[in-house]
Amino acid sequence: MDNSKGILFIVSAPSGAGKTTLVKRILKEFPDIVFSVSATTRKKRLDEKEGEDYFFITEEDFRRNIKKNEFAEWEKFYDYYYGTFKKYLDENLRKGKNVLLEIDVKGALNIKKKYPAAVLIFIMPPNFEELKQRLKNRQTEDEIDYQKRIKRAELELSQKDKFDYFVHNLEIDSAVADLKSLIEKKMKEKE
Ligand code: 5GP
(Lines give C-alpha, C1' and ligand atoms only; values in the text may rest on other atoms or scores of the structure.)
Protein backbone atom coordinates (compact mmCIF):
# COMPACT_ATOMS: atom_id res chain seq x y z
CA MET A 1 0.00 0.00 0.00
CA ASP A 2 1.25 3.46 -0.86
CA ASN A 3 0.63 5.63 2.21
CA SER A 4 3.96 7.41 1.96
CA LYS A 5 4.66 10.79 3.38
CA GLY A 6 7.92 11.15 1.51
CA ILE A 7 8.42 11.24 -2.24
CA LEU A 8 9.91 8.27 -4.04
CA PHE A 9 12.13 9.35 -6.95
CA ILE A 10 13.19 6.62 -9.35
CA VAL A 11 15.99 7.35 -11.76
CA SER A 12 16.46 4.88 -14.59
CA ALA A 13 18.47 4.79 -17.76
CA PRO A 14 20.17 2.38 -20.06
CA SER A 15 23.49 1.30 -18.61
CA GLY A 16 26.15 3.78 -19.73
CA ALA A 17 23.80 6.78 -19.93
CA GLY A 18 25.76 8.44 -17.13
CA LYS A 19 23.14 8.08 -14.45
CA THR A 20 25.46 7.06 -11.62
CA THR A 21 27.47 10.29 -11.92
CA LEU A 22 24.25 12.24 -12.16
CA VAL A 23 22.76 10.58 -9.09
CA LYS A 24 25.92 11.16 -7.04
CA ARG A 25 25.87 14.86 -7.92
CA ILE A 26 22.17 15.10 -7.04
CA LEU A 27 22.68 13.44 -3.65
CA LYS A 28 25.32 16.07 -2.86
CA GLU A 29 22.82 18.81 -3.76
CA PHE A 30 20.10 17.24 -1.59
CA PRO A 31 21.74 15.82 1.54
CA ASP A 32 18.31 15.04 3.00
CA ILE A 33 17.35 12.69 0.20
CA VAL A 34 17.92 9.09 1.19
CA PHE A 35 19.59 6.86 -1.38
CA SER A 36 18.25 3.35 -1.35
CA VAL A 37 21.24 1.01 -1.50
CA SER A 38 20.36 -2.12 -3.48
CA ALA A 39 21.66 -5.62 -3.05
CA THR A 40 23.50 -7.22 -5.94
CA THR A 41 25.32 -10.45 -6.71
CA ARG A 42 27.68 -8.85 -9.21
CA LYS A 43 31.32 -8.23 -8.40
CA LYS A 44 32.31 -4.98 -6.75
CA ARG A 45 34.04 -2.52 -9.09
CA LEU A 46 37.24 -0.85 -7.93
CA ASP A 47 35.66 2.51 -7.20
CA GLU A 48 32.66 1.07 -5.33
CA LYS A 49 32.06 0.79 -1.62
CA GLU A 50 30.17 -1.94 0.22
CA GLY A 51 27.00 -0.55 1.77
CA GLU A 52 27.28 2.73 -0.13
CA ASP A 53 26.98 1.75 -3.77
CA TYR A 54 25.52 -1.70 -3.15
CA PHE A 55 25.35 -4.47 -0.64
CA PHE A 56 27.41 -7.08 -2.46
CA ILE A 57 25.95 -10.43 -1.48
CA THR A 58 26.12 -14.02 -2.67
CA GLU A 59 23.48 -15.59 -4.87
CA GLU A 60 22.55 -17.81 -1.94
CA ASP A 61 21.93 -14.78 0.30
CA PHE A 62 20.01 -13.10 -2.48
CA ARG A 63 17.69 -16.09 -2.86
CA ARG A 64 17.18 -16.14 0.88
CA ASN A 65 16.08 -12.48 0.77
CA ILE A 66 13.65 -13.29 -2.06
CA LYS A 67 12.15 -16.12 -0.01
CA LYS A 68 11.80 -13.90 3.03
CA ASN A 69 10.02 -11.33 0.87
CA GLU A 70 12.60 -8.66 1.72
CA PHE A 71 12.58 -7.00 -1.71
CA ALA A 72 10.12 -4.40 -3.01
CA GLU A 73 11.31 -5.57 -6.43
CA TRP A 74 14.19 -7.55 -7.79
CA GLU A 75 15.53 -8.32 -11.24
CA LYS A 76 17.95 -10.63 -12.87
CA PHE A 77 19.98 -8.26 -14.96
CA TYR A 78 22.53 -9.92 -17.28
CA ASP A 79 23.79 -12.74 -15.09
CA TYR A 80 23.39 -10.94 -11.81
CA TYR A 81 20.61 -10.21 -9.37
CA TYR A 82 19.67 -6.74 -8.16
CA GLY A 83 17.08 -5.97 -5.51
CA THR A 84 15.56 -3.04 -3.61
CA PHE A 85 14.99 -3.55 0.11
CA LYS A 86 11.33 -3.03 0.97
CA LYS A 87 11.79 -2.26 4.66
CA TYR A 88 14.30 0.51 4.02
CA LEU A 89 12.04 2.08 1.42
CA ASP A 90 8.85 1.91 3.47
CA GLU A 91 10.39 3.07 6.74
CA ASN A 92 11.95 6.15 5.20
CA LEU A 93 8.88 7.08 3.17
CA ARG A 94 6.67 6.65 6.23
CA LYS A 95 8.94 8.97 8.19
CA GLY A 96 8.45 11.57 5.48
CA LYS A 97 11.90 11.19 3.96
CA ASN A 98 12.31 11.57 0.23
CA VAL A 99 13.98 8.50 -1.22
CA LEU A 100 15.90 8.07 -4.45
CA LEU A 101 16.25 4.77 -6.26
CA GLU A 102 18.62 4.16 -9.12
CA ILE A 103 17.31 1.01 -10.73
CA ASP A 104 16.78 -0.51 -14.14
CA VAL A 105 13.78 0.31 -16.34
CA LYS A 106 11.89 -2.91 -15.65
CA GLY A 107 12.40 -2.53 -11.90
CA ALA A 108 11.19 1.08 -12.08
CA LEU A 109 7.98 0.06 -13.83
CA ASN A 110 7.42 -2.69 -11.25
CA ILE A 111 7.91 -0.29 -8.34
CA LYS A 112 5.41 2.10 -9.90
CA LYS A 113 2.75 -0.61 -9.67
CA LYS A 114 3.32 -0.91 -5.91
CA TYR A 115 4.05 2.77 -5.25
CA PRO A 116 1.84 4.63 -7.73
CA ALA A 117 2.91 8.04 -6.44
CA ALA A 118 6.55 7.33 -7.35
CA VAL A 119 8.13 9.83 -9.72
CA LEU A 120 9.69 7.96 -12.64
CA ILE A 121 12.56 9.78 -14.33
CA PHE A 122 14.25 8.46 -17.46
CA ILE A 123 17.79 9.64 -18.20
CA MET A 124 18.21 9.90 -21.95
CA PRO A 125 21.67 9.21 -23.31
CA PRO A 126 22.84 11.68 -26.01
CA ASN A 127 22.42 9.02 -28.71
CA PHE A 128 22.85 5.33 -29.11
CA GLU A 129 26.32 5.53 -30.69
CA GLU A 130 27.59 7.58 -27.79
CA LEU A 131 26.03 5.15 -25.36
CA LYS A 132 27.93 2.29 -26.98
CA GLN A 133 31.13 4.31 -26.76
CA ARG A 134 30.56 5.06 -23.07
CA LEU A 135 30.01 1.40 -22.34
CA LYS A 136 33.17 0.53 -24.25
CA ASN A 137 35.24 3.18 -22.48
CA ARG A 138 34.14 1.90 -19.13
CA GLN A 139 36.28 -1.24 -19.58
CA THR A 140 34.86 -2.78 -16.45
CA GLU A 141 32.92 -5.36 -18.34
CA ASP A 142 34.25 -8.09 -20.57
CA GLU A 143 33.08 -8.43 -24.19
CA ILE A 144 30.14 -10.72 -23.42
CA ASP A 145 28.87 -8.39 -20.68
CA TYR A 146 29.28 -5.48 -23.09
CA GLN A 147 27.16 -7.13 -25.79
CA LYS A 148 24.48 -7.98 -23.24
CA ARG A 149 24.42 -4.41 -21.97
CA ILE A 150 24.00 -3.03 -25.51
CA LYS A 151 21.06 -5.37 -26.13
CA ARG A 152 19.54 -4.44 -22.81
CA ALA A 153 20.02 -0.71 -23.50
CA GLU A 154 18.02 -1.06 -26.74
CA LEU A 155 15.22 -2.76 -24.85
CA GLU A 156 15.26 -0.15 -22.10
CA LEU A 157 15.14 2.74 -24.57
CA SER A 158 11.98 1.25 -26.05
CA GLN A 159 10.22 1.60 -22.65
CA LYS A 160 10.97 5.28 -22.12
CA ASP A 161 7.45 6.52 -22.90
CA LYS A 162 6.14 4.79 -19.78
CA PHE A 163 8.10 7.23 -17.61
CA ASP A 164 6.79 10.46 -16.07
CA TYR A 165 9.78 12.67 -16.91
CA PHE A 166 12.88 12.71 -19.12
CA VAL A 167 16.23 14.30 -18.42
CA HIS A 168 18.59 14.49 -21.40
CA ASN A 169 22.15 13.84 -20.40
CA LEU A 170 23.82 15.75 -23.23
CA GLU A 171 26.15 17.48 -20.84
CA ILE A 172 26.50 16.61 -17.17
CA ASP A 173 26.15 20.09 -15.61
CA SER A 174 22.95 20.88 -17.43
CA ALA A 175 21.57 17.38 -16.76
CA VAL A 176 22.25 17.91 -13.02
CA ALA A 177 20.51 21.31 -13.21
CA ASP A 178 17.49 19.82 -15.00
CA LEU A 179 17.14 16.95 -12.56
CA LYS A 180 17.63 19.30 -9.62
CA SER A 181 14.83 21.63 -10.72
CA LEU A 182 12.51 18.68 -11.36
CA ILE A 183 13.12 17.37 -7.83
CA GLU A 184 12.61 20.84 -6.34
CA LYS A 185 9.35 21.21 -8.26
CA LYS A 186 8.05 17.88 -6.95
CA MET A 187 9.04 18.78 -3.37
CA LYS A 188 7.22 22.11 -3.64
CA GLU A 189 4.08 20.38 -4.94
CA LYS A 190 4.11 18.11 -1.89
CA GLU A 191 4.41 20.99 0.64
P1 5GP B 1 25.40 -1.79 -12.58
O2 5GP B 1 25.82 -3.22 -12.57
O3 5GP B 1 25.93 -1.06 -13.79
O4 5GP B 1 25.70 -1.07 -11.28
O5 5GP B 1 23.82 -1.76 -12.68
C6 5GP B 1 23.17 -2.43 -13.71
C7 5GP B 1 21.72 -2.02 -13.72
O8 5GP B 1 21.07 -2.49 -12.55
C9 5GP B 1 21.54 -0.49 -13.74
O10 5GP B 1 20.55 -0.18 -14.69
C11 5GP B 1 21.09 -0.20 -12.33
O12 5GP B 1 20.28 0.97 -12.29
C13 5GP B 1 20.27 -1.44 -12.05
N14 5GP B 1 19.99 -1.64 -10.63
C15 5GP B 1 20.70 -1.29 -9.56
N16 5GP B 1 20.07 -1.62 -8.43
C17 5GP B 1 18.90 -2.19 -8.77
C18 5GP B 1 17.78 -2.74 -8.04
O19 5GP B 1 17.73 -2.77 -6.82
N20 5GP B 1 16.77 -3.22 -8.79
C21 5GP B 1 16.76 -3.22 -10.14
N22 5GP B 1 15.71 -3.70 -10.76
N23 5GP B 1 17.78 -2.72 -10.86
C24 5GP B 1 18.84 -2.21 -10.19
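Biologist: Is Tyr 54 buried or exposed?

Modeller: This is a predicted model, and the answer rests on the relative accessibility of the residue, for which buried means under 20%. Tyr 54 comes to 15% relative accessibility, so Tyr 54 counts as buried.

Biologist: What kind of aromatic pair do Tyr 54 and Phe 56 make?

Modeller: A pair of aromatic rings is described by the distance of the centres and the angle of the planes. Phe 56, at 18% relative accessibility, also counts as buried. The ring centres of Tyr 54 and Phe 56 are 5.7 Å apart and their planes stand at 65°, and since planes over 60 degrees apart count as such, the pair is edge-to-face.

Biologist: Which residues form one aromatic cluster?

Modeller: By the ring-pair rule, the count comes to 11 aromatic pairs. One aromatic cluster is formed by Phe 55, Phe 62, Phe 71, Trp 74, Tyr 81 and Phe 85.

Biologist: Which element gives the largest share of the lining of the largest pocket?

Modeller: The largest pocket holds about 990 Å³ of space and is lined by 40 residues, with Thr 20, Arg 45, Glu 48, Tyr 54 and Glu 102 nearest its centre. Two or more lining residues come from each of α1 (19-29), β5 (71-77), β6 (80-85), α5 (128-138) and α6 (143-157). The largest share, six residues, comes from α1.

Biologist: Which residues are buried in α6?

Modeller: The 15 residues of α6 reach 21 Å from the first C-alpha to the last, close to the 21 Å expected at 1.5 Å a residue. The buried residues in α6 are Asp 145, Tyr 146, Arg 149, Ile 150, Arg 152, Ala 153 and Glu 156.

Biologist: What is the phi of Asn 69?

Modeller: Most residues other than glycine have a negative phi. Asn 69 lies in the loop between α2 (59-67) and β5, and with a relative accessible area of 49% Asn 69 is partly exposed. Although Asn 69 is not a glycine, its phi is positive, at about 60°.

Definitions and conventions
Residues are numbered from 1 along each chain as its sequence is written. This is a predicted model: local features need pLDDT of at least 70, side-chain atom pairs count only at pLDDT 80 or more; totals for chains, interfaces and linings use all residues. Side-chain values use heavy atoms; hydrogens and water are left out. On a 1 Å grid over the protein atoms alone, a cavity is a set of points where a 1.4 Å probe fits but cannot get out, and a pocket is an open set with protein on both sides within 12 Å along at least five of seven lines; lining residues have an atom within 4 Å of a point. Grid points are joined across faces, edges and corners, and a volume is the space filled by probe spheres set on the points. Helices (H or I, at least four residues) and strands (E, at least two) are DSSP runs, numbered from the N terminus. Rings of Phe, Tyr and Trp (its six-membered ring) pair if their centres lie within 6.5 Å; planes under 30 degrees apart count as stacked, over 60 as edge-to-face and the rest as tilted. Buried means under 20% relative accessible area, exposed over 50%, partly exposed in between (1.4 Å probe, protein chains only). The expected span of a helix is 1.5 Å times one less than its number of residues.
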